[in-house]
Amino acid sequence: MDNTNIHSIMQTLGRAAREASRVIAKASAATKNQALLAMAEAIRREEQALLAANANDVALAQTKGLESAMVDRLTLTSKGVASMAAGLEQIAALPDPVGAVTDLSYRPSGIQVGRMRVPLGVIGIIYEARPNVTADAAGLCLKAGNAAILRGGSEAMQSNQAIATCVQEGLKVAGLPENVVQVVDTTDRAAVGELITMQEYVDVIIPRGGKGLIERIANEARVPVIKHLDGVCHVFIDVRADLEKAISIADNAKTQRYGTCNTMETLLVHAGIAQQFLPAVSRIFLEKAVELRGDAAACALVPEMKPASEEDWQAEYLAPILSVRIVADIDQAITHIATYGSQHTDTIVTEDYARARQFLREVDSSSVMVNASTRFADGFEYGLGAEIGISTDKLHARGPVGLEGLTSQKFIVLGDGHIRE
């Protein structure tokens with residue numbers, strides 16, 4: 001397909017989304033919830049059709065030699081289909097943020113000033129591999145009163161289209177325009193280039209995928225982007241840590257799941273507890289076939305550990321590999337995180353209240369934790385329902401992006417014939 005046709009297709013999608021955004025922005029919570037529940041019902045009913053479409057995508061991906069991690073993210077199971085439906089039902093159960101008024105107060109002039117939460121408008125979602133994003137993104141954008149243009153990866157084309165059919169059914173049941181959620185049906189990469197520059201139709205872009213995709217979008221977009229590039233997450237074991245808690249948290253943060261952005265990639269250990277802690281936790285990691293790469297002090301305590309390079313401290317492995325460094329104190333740990341971290345999620349394990357407070361205050365990440373696994377950095381775990389992604393940006397949204405992150409605020413003023421003197 002030539003670029004002229006791609007431009008025309010994307011412009012048509014954009015215009016339709018802008019028109020639909022005006023309708024969904026004023027839809028009642030009851031109407032939006034009706035659509036969400038109907039989508040969930042359709043997904044449950046069409047499970048076999050969704051799995052069949054996904055099987056075709058997976059077979060094609062394997063034929064093309066896609067890496068196993070990508071195929072794993074692409075694969076849908078019966079449990080995954082049920083989770084998609086449950087996610088939509090959870091979104092329906094959440095309070096509707098649109099129209100909520102806060103901070104209403106009288107000014108000396110007699111007017112009342114407050115803030116009202118409003119939709120962003122049209123949201124473009126660009127994502128790779130994971131078909132469940134089609135349902136999650138559609139549901140969250142819808143509940144927050146936004147129209148959505150979804151552009152999934154070519155490797156999941158059949159899966160995404162099958163899920164989109166269920167989404168469209170839900171919109172129809174609720175009497176909403178089908179253009180509230182549109183899935184781009186071309187695999188041409190030029191469609192992404194068009195989507196991220198359509199300032200007249202698209203209000204924000206949210207990319208979900210590998211670092212290469214997100215870097216390209218961040219560099220080329222003319223529409224605001226909510227993003228994160230890396231999940232280089234740290235767990236710092238303080239000298240005042242409870243050893244049992246520390247081992248459990250470090251193990252979970254790394255091995256509960258390897259390929260997620262909230263998985264620990266670097267373990268920092270206070271020198272005062274390293275001799276007790278590091279050999280014990282390393283045995284667990286080695287039994288689970290986690291490759292350990294450490295500094296000289298860590299390697300001296302664990303002979304199986306390989307020497308770490310400078311690149312290891314800034315690596316997002318997304319694999320059973322862990323870098324380990326022994327630090328002199330909490331200040332050195334915080335400095336390491338500031339130097340090599342990605343402002344995603346970092347944890348301190350300590351029983352010392354003052355050090356916990358210092359870590360919370362001084363570590364500049366979107367999620368900072370005390371005595372908890374980094375794997376909790378998740379919209380569902382935070383009570384947001386399904387998330388659209390995790391933002392390490394500092395402006396508009398930071399951390400897991402749920403319904404509130406898909407809205408903005410406007411000032412409202414209530415008067416009774418007031419005029420400014």
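My labels follow DSSP runs numbered from the N terminus, with helices (H or I) of at least four residues and strands (E) of at least two. The model is predicted, so I note that local features need pLDDT of at least 70 and side-chain atom pairs pLDDT 80 or more, while totals for chains, interfaces and linings use all residues. Residues are numbered from 1 along each chain as its sequence is written, and side-chain values use heavy atoms, without hydrogens or water.

**Entry 1**

I looked up the pairing of E1 and E2. They are antiparallel, over four bridges. I count two strands as paired if DSSP finds at least two bridges between them. Serine 105 has valine 113 as its bridge partner in E2. On the E16 side, valine 113 is bridged to valine 413.

I then followed E2 (residues 112–119) to E16: eight bridges, antiparallel again. Arginine 117 has glutamine 409 in E16 as its bridge partner.

The whole sheet is open, with three strands in the order E1-E2-E16 and antiparallel pairing. Which strands stand at the edges? E1 (101–106) and E16 (407–414) do; each has a single partner strand, so one side of each has no neighbour in the sheet. Neighbouring strands here are turned by 20 degrees against each other on average, direction ignored. Axes for such angles are lines fitted to C-alpha atoms, for helices over the stretch in contact; angles between N-to-C directions run from 0 to 180 degrees.

I checked burial in E2. Six of its eight residues are buried, and the strand is mostly covered. Buried means under 20% relative accessible area, exposed over 50%, partly exposed in between (1.4 Å probe, protein chains only).

**Entry 1**

I took E7 (233–237) next. All five of its five residues are buried. Cys233, Val235 and Ile237 point one way, His234 and Phe236 the other. In a regular strand the side chains alternate between the two faces of the sheet.

E7 pairs with E8 in the parallel sense over five bridges, where histidine 234 stands opposite threonine 266. On to E12 (residues 345–349): four bridges join this strand to E7, also parallel. There the bridge partner of histidine 234 is aspartate 346. E12 in turn pairs parallel with E13 over four bridges, with methionine 369 as the bridge partner of threonine 347.

In E8 I stopped at histidine 270. Is this residue buried or exposed? Histidine 270 is buried, at a relative accessible area of 10%. Beyond its neighbours within four places in sequence, histidine 270 is in contact (heavy atoms within 4.5 Å) with residues including Phe236, Asp238, Ile326 and Asp329.

**Entry 1: helices on the sheet**

H11 has a kink of about 45 degrees at phenylalanine 277, shortly before proline 279. The bend is the angle between axes fitted to the seven residues ending at a residue and the seven starting there. Proline 279 is partly exposed, at 23% relative accessibility. Leaving aside neighbours within four places, proline 279 is in contact with Ala274, Leu301 and Val302.

Among the buried residues of H11 are Ile273, Phe277, Val281 and Phe285. Their cover includes H10 (243–255), E8 (264–270) and H12 (296–301). After H11 comes alanine 289, with a positive phi near 65 degrees.
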